[in-house]
Amino acid sequence: MRRRGAVRRSIAVALALVPPAWLIITAVTVGPKLGSRMASHWSGTGAPDGFADTWPTFWMFAAIVTGLTAGAIALVVAARTTPQARMWVGIVVALSGLSALAWTASAEATAAAATPEEAVLGARLLLLIPVVGLGALAFLFVPPAEGQTDSDGDSDDDRRERPTPPLRSGDRLVWSGTTGSAWFGAPAAALIAGGILCLVAAIATPALIAAATFLLLLGCTLLLLASVRLVVDARGIRLVSTVFRIPLIRVKLDDIDAVSAEQISPLRWGGWGFRISTRGIAYVTRKSEGIVITRRRGADVAITIGAAEQARAAAELLVDQHRAGMRRAD
(Lines give C-alpha, C1' and ligand atoms only; values in the text may rest on other atoms or scores of the structure.)
Protein backbone atom coordinates (compact mmCIF):
# COMPACT_ATOMS: atom_id res chain seq x y z
CA MET A 1 0.00 0.00 0.00
CA ARG A 2 2.86 2.38 0.75
CA ARG A 3 4.31 1.72 -2.71
CA ARG A 4 0.95 2.33 -4.36
CA GLY A 5 0.60 5.55 -2.42
CA ALA A 6 4.04 6.70 -3.59
CA VAL A 7 3.14 5.89 -7.21
CA ARG A 8 -0.11 7.85 -6.95
CA ARG A 9 1.66 10.84 -5.41
CA SER A 10 4.23 10.71 -8.22
CA ILE A 11 1.46 10.74 -10.83
CA ALA A 12 -0.22 13.69 -9.05
CA VAL A 13 3.08 15.60 -9.09
CA ALA A 14 3.50 14.78 -12.80
CA LEU A 15 0.02 16.17 -13.48
CA ALA A 16 0.93 19.33 -11.56
CA LEU A 17 3.96 19.77 -13.86
CA VAL A 18 1.83 19.68 -17.03
CA PRO A 19 0.87 23.42 -17.03
CA PRO A 20 4.45 24.79 -16.74
CA ALA A 21 5.65 22.26 -19.32
CA TRP A 22 2.84 23.32 -21.66
CA LEU A 23 3.72 26.99 -21.17
CA ILE A 24 7.41 26.39 -21.93
CA ILE A 25 6.73 24.22 -25.01
CA THR A 26 4.35 26.85 -26.41
CA ALA A 27 6.89 29.62 -25.80
CA VAL A 28 9.59 27.66 -27.63
CA THR A 29 7.46 26.55 -30.58
CA VAL A 30 5.15 29.55 -31.04
CA GLY A 31 7.34 32.31 -29.58
CA PRO A 32 9.46 32.83 -32.73
CA LYS A 33 6.28 33.56 -34.72
CA LEU A 34 5.15 36.28 -32.32
CA GLY A 35 5.99 39.93 -32.50
CA SER A 36 6.36 42.30 -29.59
CA ARG A 37 2.59 42.63 -29.21
CA MET A 38 -0.14 39.99 -28.85
CA ALA A 39 -3.87 39.76 -28.31
CA SER A 40 -4.52 39.37 -24.60
CA HIS A 41 -8.24 39.90 -24.02
CA TRP A 42 -11.24 38.69 -25.96
CA SER A 43 -14.74 40.11 -26.42
CA GLY A 44 -17.94 38.10 -26.41
CA THR A 45 -17.70 37.74 -30.21
CA GLY A 46 -14.31 36.02 -30.00
CA ALA A 47 -12.44 39.01 -31.44
CA PRO A 48 -9.57 40.59 -29.47
CA ASP A 49 -10.35 43.82 -27.64
CA GLY A 50 -7.19 44.03 -25.54
CA PHE A 51 -3.47 43.74 -26.31
CA ALA A 52 -0.27 43.34 -24.29
CA ASP A 53 3.50 43.09 -24.68
CA THR A 54 4.30 39.49 -25.58
CA TRP A 55 7.23 38.54 -23.36
CA PRO A 56 6.49 40.61 -20.26
CA THR A 57 3.07 38.93 -20.31
CA PHE A 58 4.69 35.53 -20.72
CA TRP A 59 6.96 36.03 -17.71
CA MET A 60 4.03 37.22 -15.61
CA PHE A 61 2.04 34.08 -16.38
CA ALA A 62 5.16 31.94 -15.99
CA ALA A 63 5.60 33.32 -12.47
CA ILE A 64 1.94 32.62 -11.63
CA VAL A 65 2.08 29.06 -13.01
CA THR A 66 5.38 28.37 -11.24
CA GLY A 67 3.96 29.54 -7.91
CA LEU A 68 0.79 27.49 -8.32
CA THR A 69 2.78 24.42 -9.35
CA ALA A 70 5.01 24.69 -6.30
CA GLY A 71 1.92 25.07 -4.14
CA ALA A 72 0.28 22.01 -5.74
CA ILE A 73 3.37 19.86 -5.10
CA ALA A 74 3.51 21.05 -1.48
CA LEU A 75 -0.18 20.13 -1.11
CA VAL A 76 0.47 16.65 -2.51
CA VAL A 77 3.00 16.16 0.29
CA ALA A 78 0.66 17.72 2.88
CA ALA A 79 -2.17 15.42 1.79
CA ARG A 80 -0.40 12.56 3.59
CA THR A 81 -1.58 14.02 6.90
CA THR A 82 -4.24 16.59 5.94
CA PRO A 83 -7.39 15.21 4.26
CA GLN A 84 -8.50 18.65 2.96
CA ALA A 85 -5.20 19.03 1.06
CA ARG A 86 -6.41 16.54 -1.57
CA MET A 87 -9.19 18.91 -2.58
CA TRP A 88 -6.85 21.86 -2.82
CA VAL A 89 -4.44 19.89 -5.02
CA GLY A 90 -7.17 19.58 -7.63
CA ILE A 91 -8.16 23.24 -7.34
CA VAL A 92 -4.59 24.57 -7.55
CA VAL A 93 -3.63 22.31 -10.49
CA ALA A 94 -6.75 23.43 -12.36
CA LEU A 95 -5.92 27.10 -11.66
CA SER A 96 -2.36 26.52 -12.85
CA GLY A 97 -3.65 24.97 -16.07
CA LEU A 98 -6.13 27.80 -16.60
CA SER A 99 -3.35 30.36 -16.08
CA ALA A 100 -1.17 28.58 -18.63
CA LEU A 101 -4.11 28.44 -21.06
CA ALA A 102 -4.62 32.21 -20.74
CA TRP A 103 -1.23 32.81 -22.35
CA THR A 104 -0.88 29.80 -24.66
CA ALA A 105 -4.30 30.21 -26.31
CA SER A 106 -3.71 33.93 -26.90
CA ALA A 107 -0.19 33.28 -28.20
CA GLU A 108 -1.31 30.57 -30.62
CA ALA A 109 -4.22 32.67 -31.89
CA THR A 110 -1.95 35.69 -32.41
CA ALA A 111 0.73 33.61 -34.16
CA ALA A 112 -1.87 32.16 -36.54
CA ALA A 113 -3.11 35.63 -37.61
CA ALA A 114 -1.50 38.25 -39.83
CA THR A 115 -1.77 40.87 -37.08
CA PRO A 116 -2.80 40.73 -33.40
CA GLU A 117 -5.99 42.62 -34.30
CA GLU A 118 -7.01 39.78 -36.66
CA ALA A 119 -6.44 36.98 -34.13
CA VAL A 120 -9.35 34.58 -33.61
CA LEU A 121 -9.61 32.50 -30.44
CA GLY A 122 -11.94 29.98 -32.06
CA ALA A 123 -12.11 26.44 -30.72
CA ARG A 124 -9.16 27.02 -28.40
CA LEU A 125 -11.68 27.99 -25.75
CA LEU A 126 -12.72 24.32 -25.63
CA LEU A 127 -9.36 23.58 -24.00
CA LEU A 128 -11.01 24.76 -20.78
CA ILE A 129 -12.60 21.31 -20.49
CA PRO A 130 -9.39 19.18 -20.43
CA VAL A 131 -7.61 21.83 -18.34
CA VAL A 132 -10.27 21.67 -15.64
CA GLY A 133 -10.24 17.88 -15.99
CA LEU A 134 -6.52 17.97 -15.24
CA GLY A 135 -7.32 19.28 -11.77
CA ALA A 136 -9.92 16.56 -11.28
CA LEU A 137 -7.36 13.89 -12.24
CA ALA A 138 -4.82 15.32 -9.83
CA PHE A 139 -7.38 15.11 -7.04
CA LEU A 140 -8.20 11.50 -7.90
CA PHE A 141 -4.57 10.36 -7.92
CA VAL A 142 -3.61 11.90 -4.57
CA PRO A 143 -3.96 9.08 -2.01
CA PRO A 144 -6.01 9.69 1.15
CA ALA A 145 -4.34 10.93 4.31
CA GLU A 146 -2.55 8.52 6.60
CA GLY A 147 -5.03 6.97 9.00
CA GLN A 148 -7.63 6.83 6.22
CA THR A 149 -8.16 3.95 3.83
CA ASP A 150 -10.07 3.47 0.60
CA SER A 151 -13.08 1.22 0.65
CA ASP A 152 -11.65 -1.04 -2.03
CA GLY A 153 -8.05 -0.76 -0.86
CA ASP A 154 -6.95 1.58 -3.64
CA SER A 155 -9.84 3.62 -5.06
CA ASP A 156 -10.85 6.93 -3.47
CA ASP A 157 -14.54 6.32 -4.11
CA ASP A 158 -15.50 5.60 -0.51
CA ARG A 159 -12.93 6.89 1.97
CA ARG A 160 -13.30 6.18 5.65
CA GLU A 161 -11.26 6.48 8.81
CA ARG A 162 -10.52 3.62 11.13
CA PRO A 163 -13.68 3.69 13.28
CA THR A 164 -13.58 4.47 16.96
CA PRO A 165 -14.67 1.38 18.95
CA PRO A 166 -17.69 1.72 21.27
CA LEU A 167 -16.82 3.05 24.72
CA ARG A 168 -18.21 2.22 28.14
CA SER A 169 -21.35 3.70 29.61
CA GLY A 170 -20.82 7.30 30.68
CA ASP A 171 -18.33 8.12 27.94
CA ARG A 172 -19.41 10.92 25.67
CA LEU A 173 -18.15 9.74 22.25
CA VAL A 174 -19.28 6.27 21.31
CA TRP A 175 -18.42 5.83 17.63
CA SER A 176 -17.39 7.88 14.61
CA GLY A 177 -16.26 7.19 11.08
CA THR A 178 -15.83 9.12 7.84
CA THR A 179 -16.91 8.35 4.33
CA GLY A 180 -17.22 10.24 1.07
CA SER A 181 -16.87 10.02 -2.68
CA ALA A 182 -14.44 11.28 -5.30
CA TRP A 183 -17.47 11.63 -7.58
CA PHE A 184 -18.34 14.66 -5.45
CA GLY A 185 -14.78 15.82 -4.74
CA ALA A 186 -13.32 15.87 -8.26
CA PRO A 187 -16.14 17.91 -9.88
CA ALA A 188 -16.13 20.20 -6.82
CA ALA A 189 -12.43 20.95 -7.33
CA ALA A 190 -12.99 21.66 -11.03
CA LEU A 191 -16.04 23.88 -10.45
CA ILE A 192 -14.38 25.91 -7.69
CA ALA A 193 -11.27 26.40 -9.82
CA GLY A 194 -13.43 27.59 -12.73
CA GLY A 195 -15.37 29.89 -10.41
CA ILE A 196 -12.19 31.46 -9.04
CA LEU A 197 -10.89 32.03 -12.58
CA CYS A 198 -14.19 33.64 -13.64
CA LEU A 199 -14.07 35.81 -10.52
CA VAL A 200 -10.58 37.02 -11.44
CA ALA A 201 -11.62 37.58 -15.06
CA ALA A 202 -14.68 39.51 -13.86
CA ILE A 203 -12.36 42.39 -12.95
CA ALA A 204 -12.12 43.08 -16.69
CA THR A 205 -15.46 41.55 -17.69
CA PRO A 206 -18.13 42.18 -15.01
CA ALA A 207 -20.60 39.95 -16.88
CA LEU A 208 -18.65 36.93 -15.60
CA ILE A 209 -19.66 37.59 -11.99
CA ALA A 210 -22.90 35.63 -12.44
CA ALA A 211 -21.02 32.66 -13.92
CA ALA A 212 -18.43 32.80 -11.12
CA THR A 213 -21.16 32.84 -8.47
CA PHE A 214 -22.96 29.88 -10.03
CA LEU A 215 -19.76 27.80 -10.35
CA LEU A 216 -18.64 28.56 -6.80
CA LEU A 217 -22.04 27.75 -5.29
CA LEU A 218 -22.31 24.49 -7.20
CA GLY A 219 -18.71 23.55 -6.36
CA CYS A 220 -19.19 24.28 -2.66
CA THR A 221 -22.40 22.23 -2.64
CA LEU A 222 -20.55 19.20 -4.02
CA LEU A 223 -17.65 19.87 -1.66
CA LEU A 224 -20.12 19.75 1.21
CA LEU A 225 -20.88 16.12 0.29
CA ALA A 226 -17.37 15.03 -0.69
CA SER A 227 -16.33 13.99 2.82
CA VAL A 228 -18.65 13.45 5.78
CA ARG A 229 -18.36 12.14 9.33
CA LEU A 230 -20.95 9.94 11.01
CA VAL A 231 -21.02 10.46 14.79
CA VAL A 232 -22.95 8.31 17.25
CA ASP A 233 -22.98 9.78 20.76
CA ALA A 234 -25.25 10.89 23.59
CA ARG A 235 -26.83 13.52 21.34
CA GLY A 236 -27.96 10.92 18.81
CA ILE A 237 -26.77 10.14 15.29
CA ARG A 238 -25.34 12.98 13.22
CA LEU A 239 -23.88 13.19 9.71
CA VAL A 240 -21.62 16.25 9.41
CA SER A 241 -19.62 17.64 6.48
CA THR A 242 -15.93 17.40 7.40
CA VAL A 243 -15.07 20.34 5.13
CA PHE A 244 -17.61 22.94 6.29
CA ARG A 245 -18.63 21.35 9.63
CA ILE A 246 -22.28 21.65 8.60
CA PRO A 247 -24.71 18.98 9.88
CA LEU A 248 -26.52 17.22 7.04
CA ILE A 249 -28.60 14.72 9.06
CA ARG A 250 -29.42 14.70 12.76
CA VAL A 251 -31.55 12.14 14.60
CA LYS A 252 -32.02 12.41 18.38
CA LEU A 253 -31.94 9.29 20.56
CA ASP A 254 -35.59 9.60 21.58
CA ASP A 255 -36.56 9.69 17.89
CA ILE A 256 -34.83 6.38 17.08
CA ASP A 257 -37.08 3.33 16.96
CA ALA A 258 -34.48 0.91 15.54
CA VAL A 259 -31.08 0.85 13.82
CA SER A 260 -30.00 -1.89 11.42
CA ALA A 261 -26.80 -2.62 9.48
CA GLU A 262 -27.48 -3.77 5.93
CA GLN A 263 -26.46 -3.53 2.29
CA ILE A 264 -27.76 -0.24 0.93
CA SER A 265 -28.70 -0.02 -2.74
CA PRO A 266 -28.75 3.49 -4.28
CA LEU A 267 -31.73 2.61 -6.47
CA ARG A 268 -33.85 1.76 -3.43
CA TRP A 269 -33.16 5.20 -1.90
CA GLY A 270 -33.64 7.41 -4.95
CA GLY A 271 -30.10 7.32 -6.37
CA TRP A 272 -26.59 8.42 -5.43
CA GLY A 273 -25.66 11.39 -3.26
CA PHE A 274 -27.83 13.17 -0.70
CA ARG A 275 -31.34 12.04 -1.50
CA ILE A 276 -34.82 12.85 -0.22
CA SER A 277 -37.45 10.47 -1.56
CA THR A 278 -40.64 8.73 -0.54
CA ARG A 279 -38.46 6.06 1.10
CA GLY A 280 -36.72 8.58 3.35
CA ILE A 281 -33.50 10.60 3.62
CA ALA A 282 -30.23 9.03 2.46
CA TYR A 283 -26.55 9.73 1.94
CA VAL A 284 -25.44 7.07 -0.53
CA THR A 285 -22.05 6.93 -2.26
CA ARG A 286 -22.33 3.43 -3.73
CA LYS A 287 -23.93 0.04 -3.20
CA SER A 288 -22.29 -0.98 0.08
CA GLU A 289 -22.83 -1.59 3.77
CA GLY A 290 -24.42 1.10 5.87
CA ILE A 291 -26.95 1.81 8.60
CA VAL A 292 -30.68 2.34 8.29
CA ILE A 293 -32.40 4.32 11.04
CA THR A 294 -36.11 3.75 11.60
CA ARG A 295 -37.52 6.85 13.28
CA ARG A 296 -40.48 7.23 15.59
CA ARG A 297 -41.35 10.53 13.93
CA GLY A 298 -40.37 11.45 10.42
CA ALA A 299 -38.76 9.67 7.49
CA ASP A 300 -36.28 6.82 7.79
CA VAL A 301 -32.58 7.54 7.22
CA ALA A 302 -29.94 5.51 5.35
CA ILE A 303 -26.19 6.22 5.35
CA THR A 304 -23.48 4.19 3.61
CA ILE A 305 -20.54 3.84 5.98
CA GLY A 306 -17.78 1.35 6.68
CA ALA A 307 -17.97 -0.79 9.83
CA ALA A 308 -21.75 -0.34 9.84
CA GLU A 309 -22.21 -3.15 12.35
CA GLN A 310 -20.11 -1.24 14.91
CA ALA A 311 -22.12 1.92 14.28
CA ARG A 312 -25.36 -0.03 14.74
CA ALA A 313 -24.17 -1.63 17.98
CA ALA A 314 -23.08 1.73 19.36
CA ALA A 315 -26.41 3.35 18.45
CA GLU A 316 -28.41 0.52 20.01
CA LEU A 317 -26.35 0.72 23.20
CA LEU A 318 -27.04 4.44 23.55
CA VAL A 319 -30.73 4.08 22.69
CA ASP A 320 -31.12 1.36 25.35
CA GLN A 321 -29.30 3.52 27.91
CA HIS A 322 -31.48 6.49 27.01
CA ARG A 323 -34.69 4.48 27.38
CA ALA A 324 -33.53 3.03 30.69
CA GLY A 325 -32.77 6.53 31.93
CA MET A 326 -36.24 7.74 30.88
CA ARG A 327 -37.88 4.82 32.69
CA ARG A 328 -35.96 5.58 35.88
CA ALA A 329 -36.94 9.24 35.61
CA ASP A 330 -40.60 8.23 35.39
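Me: Contact means heavy atoms within 4.5 Å. With which residues is Ser106 in contact, leaving aside its neighbours within four places in sequence?

Reply: Ser106 is in contact with Met38, Ala39, Ser40, Trp42 and Leu101, once neighbours within four places in sequence are left aside. A note on the source: this is a predicted model, in which local features need pLDDT of at least 70 and side-chain atom pairs count only at pLDDT 80 or more, while totals for chains, interfaces and linings use all residues. Residues are numbered from 1 along each chain as its sequence is written, and side-chain values use heavy atoms, with hydrogens and water left out.

Me: Where is Ser106 found, and is Ser106 buried or exposed?

Reply: Helices (H or I, at least four residues) and strands (E, at least two) are DSSP runs, numbered from the N terminus. Ser106 is found in helix 4. Buried means under 20% relative accessible area, exposed means over 50%, and partly exposed lies in between, with a 1.4 Å probe and protein chains only. Ser106 counts as buried because its relative accessibility is 3%.

Me: Ser96 has its place in helix 4 (residues 84-112) too. What does Ser96 touch, not counting residues up to four places away in sequence?

Reply: Ser96 touches Pro19, Pro20, Val65, Leu68 and Thr69, with residues up to four places away in sequence not counted. The relative accessibility of Ser96 is 2%, so Ser96 counts as buried. Now look from the other side of one of these contacts. Thr69 is found in helix 3 (residues 54-78), and at 6% relative accessibility Thr69 counts as buried. Leaving aside neighbours within four places in sequence, Thr69 is in contact with Ala16, Leu17, Pro20 and Ser96. The C-alpha atoms of Thr69 and Leu95 are separated by 9.4 Å, although these residues are 26 apart along the chain.

Me: How do I read a sheet, and what is the order of the strands in the open sheet of 5 strands?

Reply: Two strands pair if DSSP finds at least two bridges between them. The order here is 9-12-13-11-10, and the pairing is mixed. Strand 9 (256-264) and strand 10 (273-276) each have a single partner strand and stand at the edges, so one side of each has no neighbour in the sheet. Angles run from 0 to 180 degrees between N-to-C directions, and axes are lines fitted to C-alpha atoms, for helices over the stretch in contact. Direction ignored, neighbouring strands of this sheet are turned by 15 degrees against each other on average.

Me: Which helix packs on the sheet?

Reply: Helix 8 (residues 308-329) packs on the sheet and touches strand 9 and strand 12 (288-295). The direction of helix 8 makes about 175 degrees with that of strand 9.

Me: How many bridges join strand 10 to strand 11, and how does strand 13 pair with strand 11?

Reply: Strand 10 and strand 11 (residues 280-284) run antiparallel and are joined by 4 bridges. In strand 11, Ile281 is the bridge partner of Ile276. Strand 11 and strand 13 run parallel, also joined by 4 bridges, and Asp300 in strand 13 is the bridge partner of Gly280. Strand 12 and strand 13 pair in the antiparallel sense over 4 bridges; here Ala302 in strand 13 is the bridge partner of Val292. Their hairpin has 4 residues between the strands, and Gly298 takes a positive phi near 100 degrees. Of the 5 residues of strand 13 (residues 300-304), 4 are buried.

Me: What is a nonpolar core, and which residues touch the most other members of the largest one?

Reply: In soluble globular proteins, nonpolar side chains tend to be buried together. A nonpolar core is a set of buried Ala, Val, Leu, Ile, Met, Phe, Trp, Tyr and Cys residues joined through side-chain atoms within 4.5 Å. The largest core has 42 residues, and Leu230 and Ile291 touch the most other members. Helix 6 (residues 182-201) gives the most to this core, with 7 residues. A second, separate core has 13 residues, including Ala16, Val76, Val93 and Val142.

Me: How many helices and strands are in the chain?

Reply: The chain has 8 helices and 13 strands. Of its 330 residues, 46% count as buried.
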